Amino acid sequence: MNRRRMAAIVALFALTASGCGSGGGGGSSQGGDGEAGTLQLWAYEGYQDFLPKLIEGFEAKYPKIKVELTNVPEEQYVTKVDTALAAKQPPDLGFIYERRWLKQDKFVPVDDIVKSENIDLSTWASGVISKDPNGEAACSYEGKTYCLGSYTGTALMFYNKDMFDKAGMTPPAPWPGMTLEEYATTACQLRDKIGGGVYGTAHGDPVTWLPWEVHVSSDGKKAEGVANSANTARDYEIIAKMFRDKCAPSLNVLDPWQQGVDFFAQKKLAMVITDFQSLAKIEKAGVNYGVTAPPHPEGVEPYFSEWTDGIGVFKDGKNVAAAKKFIAFQATEGQKLRVQKTGDMPVSVAKAKEFNWAADQLGRQQALEILPHARPATFIPARWDTVTPLFDSLGAIIDGKPAQQVLDDAVPKYQNNLDKAWKTWDKS
């Protein structure tokens with residue numbers, strides 16, 4: 001999921017109905033051997049800076065294949081694709097936005113590309129490519145690979161090294177990062193020692209960055225006794241107190257997924273958990289920054305989310321052979337083009353080193369140190385619709401209601417959503 005762009009991930013929960021609109025999937029022409037024809041690619045906002053460059057490079061390599069790009073509003077994307085799939089008229093290429101499309105056999109595996117291009121997936125982000133049957137990796141399903149991508153999107157924590165120095169404090173290690181208790185203490189100390197209206201940190205709702213073990217069982221089916229455990233209640237109370245004590249700005253004041261990098265670049269934040277694609281703006285502002293993993297509760301394995309531009313080949317597309325060539329190009333030359341165009345971190349650590357992506361930037365070097373520790377999220381069908389009851393919990397706790405009571409009230413609704421989501425998934 002673009003996923004992956006954490007702001008979009010957190011906000012994509014109420015998809016609205018829409019018709020097919022223009023740019024239907026029936027316009028592709030079959031090239032026979034896959035060396036000629038027109039490919040239809042459906043995308044949504046967030047990739048405008050790179051997809052035209054990727055397409056330009058692909059068409060230069062394969063001049064007989066043209067790619068027609070249709071940008072669909074993100075809130076309409078799933079409905080548009082579902083409508084096209086029902087009519088057996090999908091485009092040739094599209095983003096694997098819904099995991100159920102893989103379960104329903106709507107995309108073709110691309111493991112043959114991995115073999116033909118000699119791609120070593122062991123060097124790729126494990127939140128993107130994983131063989132874990134209980135994990136939700138962006139491009140993997142039941143041991144098969146359905147997309148590859150060109151970059152690693154992730155949510156990490158930036159910190160201002162100069163502010164730590166000014167406060168006389170030691171910055172966190174890249175891995176495993178701070179525990180929640182250490183994080184809360186550090187944020188408040190930074191605010192107090194730096195002053196001048198600088199917040200110690202900024203972060204979104206805990207459901208967007210805490211390890212998923214805090215919110216659901218390892219099989220993704222049980223919320224009761226997990227999301228309202230005494231440990232989770234304690235975690236939520238620690239986070240809520242940071243807001244109450246103004247060590248972190250209210251989410252009504254600052255949405256870290258949308259504005260966090262701007263405030264950090266303006267040196268109004270000592271730390272921020274946000275989209276790592278914000279790197280260019282921070283470096284342009286001249287911030288002396290470092291990178292660490294998001295905080296984690298004591299005794300819980302650290303976690304950070306990962307995603308990529310997960311374009312796959314529709315099984316009912318008109319030119320599967322040519323579409324696979326596009327995926328191969330995206331995963332090989334496309335990684336280098338991505339670095340040149342946007343500066344984003346490649347999806348392969350080996351490629352990042354080959355391209356000297358980190359250069360002499362400490363923060364980039366730290367990110368590459370963190371990346372091999374990634375792990376897939378526990379799979380939950382319709383994840384963000386399902387966990388909606390938890391999004392209201394933090395505000396109530398900040399307002400003074402006991403965390404245990406708030407979570408006890410929220411979890412039955414969450415469990416009901418979870419049960420329904422699994423029933424729908426099992427029938428899909």
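# Briefing: strands, salt bridges and one buried serine

In this chain, Thr154 stands opposite Glu306, a residue of strand β10. The model is a predicted one, in which local features need pLDDT of at least 70 and side-chain atom pairs count only at pLDDT 80 or more, while totals for chains, interfaces and linings use all residues. Residue numbers start from 1 along each chain as its sequence is written, and side-chain values rest on heavy atoms, with hydrogens and water left out.

**The chain as a whole**

- The chain folds into 18 helices and twelve strands (DSSP runs numbered from the N terminus, with at least four residues of H or I for a helix and at least two of E for a strand).
- Its radius of gyration is 22 Å, close to the 22 Å that the globule rule gives for 428 residues, so the chain is as compact as a globular protein of that length (the radius is taken over C-alpha atoms, and the rule is 2.2 Å times the number of residues to the power 0.38).
- Along the principal axes, the C-alpha trace spans about 65 × 50 × 35 Å.
- Of the 428 residues, 58% count as buried (buried is under 20% relative accessible area, exposed is over 50% and partly exposed is in between, with a 1.4 Å probe and protein chains only).

**Strand β7 and its partners**

- Strand β7 covers residues 153-160 and pairs with β8 in the antiparallel sense over five bridges (strands pair if DSSP finds at least two bridges between them).
- Within this pairing, Met157 sits opposite Ile273 of β8.
- Strand β9 also runs antiparallel to β7, and four bridges join the two; here Phe158 has Val291 as its bridge partner.
- With β10, strand β7 forms an antiparallel pairing over two bridges, and this brings us back to Thr154, which faces Glu306.
- Eight of the eight residues of β7 are buried, so the strand is largely enclosed by the rest of the structure.
- Gly153, Ala155, Met157 and Tyr159 point one way from β7, whereas Thr154, Leu156, Phe158 and Asn160 point the other way, and all are buried.
- Strand β8 (residues 271-275) is mostly covered too, with five of its five residues buried.

**Salt bridges**

- The structure holds 16 salt bridges (a side-chain nitrogen of Lys or Arg within 4 Å of a carboxyl oxygen of Asp or Glu).
- One of them joins the side chains of Asp105 and Lys315 at 2.5 Å, N to O. Asp105 lies in the loop between α4 (100-103) and α5 (111-116), and Lys315 in the loop between β11 (311-313) and α11 (320-331), so this pair ties together parts that are 210 residues apart in sequence.
- Arg375 is in the loop between α14 (362-370) and β12 (377-378), and Glu301 is in the loop between β9 (289-292) and β10 (306-307), which puts the distant parts they link 74 residues apart.
- Arg375 is buried at 15% relative accessibility, while Glu301 is partly exposed at 47%.
- Asp82, Glu98 and Arg100 form one network, joined by salt bridges that share partners.

**Ser348**

- Ser348 belongs to the loop between α12 (333-342) and α13 (349-354).
- Its relative accessibility is 2%, so Ser348 counts as buried.
- From Ser348 to Thr332 the C-alpha to C-alpha distance is 10.0 Å, and the two are 16 residues apart in sequence.
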